[in-house]
Amino acid sequence: MSSAPLRSPTLRPHRMKKDESFLGKLGGTLARKKKAKEVSDLQEEGKNAINAPMSPATIDIHPEDTLLEENEERTMIDPNSKEDSKFKELIKVLIDWINDVLVEERIIVKQLEEDLYDGQVLQKLLEKLADRKLNVAEVTQSEIGQKQKLQTVLEAVHDLLRPHGWTIKWNVDSIHGKNLISILHLLVALAMHFRAPIRLPEHVSVQVVVVRKREGLLQTAHVTEELTTTTEMMMGRFERDAFDTLFDHAPDKLSVVKKSLITFVNKHLNKLNLEVTELETQFADGVYLVLLMGLLEDYFVPLHNFYLTPESFDQKVHNVSFAFELMQDGGLKKPKARPEDVVNLDLKSTLRVLYNLFTKYKNVE
């Protein structure tokens, strides 16, 4: 679905006055007008050749971004930020996620700006994630039709996100205008809301070039745009719990809590000749969580339901997710932690999961 990106114009350096350069002075000594243009062309070529190696990276401005009304402004990502490894990782993770979700639709996204701007892919993505059908035309070629589809899709997105406190940092015009920043904000919000089985890189920020038109002249400024914070904050977990307080204000008591939880899990895992000494690492592959749930609920978990010796990240996530399902079957609420958090050795997430088990099963022999 991708198409070749528009070529960005190179911003030329301001023309030097003739008298400020050697070639300018030379041009002034030539008598014939015919030679004047040749010298002028040579002068420009010479300046470009000299200045080019020393010039800073040019701003990646699309032709349409220079056609502004008075006081209008547009934004674009600074070229240096596009080369940042975490920024590239964010885009790759999101593209891979979209393609995984839409694999049955035979849709392959290669470039976010070019493939998502018209609303077609966003429609399919939302329908798949939310398990609902949107009342929109399937294919729209006209700009008006595309924007109408986008409007319907984004209204559905906003209905889902606003009740959970998400700040809306995109609109129909920015998405249709292929504004990558807006598209990334939208995708990050969707991934977090639907608990996508991915790990977004944390603390991704980019330098954004803001182009404004003032008194007929284009002016540029740089601002920092934050695309991701921490996974915990992006998940909307703004309600603090005892573990937030424990980590922030009573780290000295953390060892006491960990010791109590280790004693609790070993009381049951010892029945299988297993022992835990490190909570964050030994529960990260999900195996002990699955076995612990079987012991607490007094049933045997068939080995074909999980990976006894998981090797990949996905296999570990599968195990933790399966353990979460067993917890819900046992009457516990869905854990606040994400399976990916536990697999990624997030101690606070692991403690939350184990503490919930401790609260319900502490008297189980």
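**Entry 1: a ring cluster.** I started with the aromatic rings and found Phe264, Tyr355 and Phe358 linked into a cluster by ring pairs. A reminder to myself: this is a predicted model. Across the structure I count three aromatic pairs.

I took the pair of Phe264 and Phe358 next. It is edge-to-face, with 5.4 Å from centre to centre and 85° between the planes. Why does this pair tie together parts that are 94 residues apart in sequence? Phe264 belongs to helix α12 while Phe358 belongs to helix α17 (residues 347-361), so the contact bridges that stretch of sequence.

Then I turned to Tyr355 and Phe358. Their pair is tilted, at 6.1 Å centre to centre and 35° between the planes. Both residues sit in helix α17, three residues apart, which is about one turn of the helix.

Buried or exposed? I checked each member of the cluster. Phe264 has 4% relative accessibility, so I noted it as buried. Phe358, at 25%, counts as partly exposed. Tyr355 is partly exposed as well, since its relative accessible area is 37%.

**Entry 2: helix α12.** I stayed with the helix that carries Phe264. Helix α12 covers residues 254-269, and its 16 residues should span 22 Å at 1.5 Å a residue; the end C-alpha atoms are 22 Å apart, so the two agree. Its buried residues are Leu254, Leu261, Ile262, Phe264, Val265, Asn266, His268 and Leu269.

**Entry 3: helix α15.** I ran the length check again on helix α15 (residues 313-329). Its 17 residues reach 24 Å from the first C-alpha to the last, close to the 24 Å expected at 1.5 Å a residue. Buried here are Val317, Asn319, Val320, Phe322, Ala323, Phe324, Leu326 and Met327. What do these buried residues pack against? I found α14 (287-297), α16 (339-343) and α17. After α15 comes Gly331, with a positive phi near 100°.

**Entry 4: the cores.** Which residues have the most contacts inside the largest nonpolar core? My list reads Phe87, Trp97, Ile98, Leu112, Leu116, Leu187 and Leu200, in a core of 48 residues. At least two residues each come from α4 (85-101), α5 (112-116), α6 (120-130), α7 (143-161), α8 (172-176), α9 (180-193) and β2. The largest share, 11 residues, is from α9.

I looked up Trp97 by itself. Setting aside neighbours within four places in sequence, Trp97 touches Leu125, Leu129, Leu187, Leu190, Ala191, Ala196, Pro197 and Ile198.

There is also a second, separate core, with 36 residues; among them are Leu279, Val287, Phe322 and Val353. I had already met Phe322 as one of the buried residues of α15.

**Entry 5: a hairpin.** I moved on to the strands. Strand β2 (residues 205-214) and strand β3 (residues 217-226) run antiparallel, joined by 10 bridges. I traced one partner: Val208 is bridged to Val223 in β3. The two strands make a hairpin with two residues between them, and in the turn Glu215 has a positive phi of about 50°.

**Entry 6: a charge over a ring.** Last, I asked where Lys178 lies. I found it over the face of Tyr117, 4.6 Å from the ring centre.

Note on methods. Residues numbered from 1 in each chain as written. Predicted model: local features only at pLDDT ≥ 70, side-chain atom pairs only at ≥ 80, totals over all residues. Heavy atoms only, no water. Helix = DSSP H or I, 4+ residues; strand = E, 2+ residues; numbered from the N terminus. Expected span 1.5 Å × (residues − 1). Buried < 20%, exposed > 50% of the residue type's maximum accessible area, 1.4 Å probe, protein only. Pairing = 2+ DSSP bridges. Core = buried A, V, L, I, M, F, W, Y, C linked by side-chain atoms within 4.5 Å. Contact = heavy atoms within 4.5 Å. Phe/Tyr/Trp six-rings, centres within 6.5 Å; stacked < 30°, edge-to-face > 60°. Lys NZ or Arg CZ within 6 Å of the ring centre and 35° of its normal.
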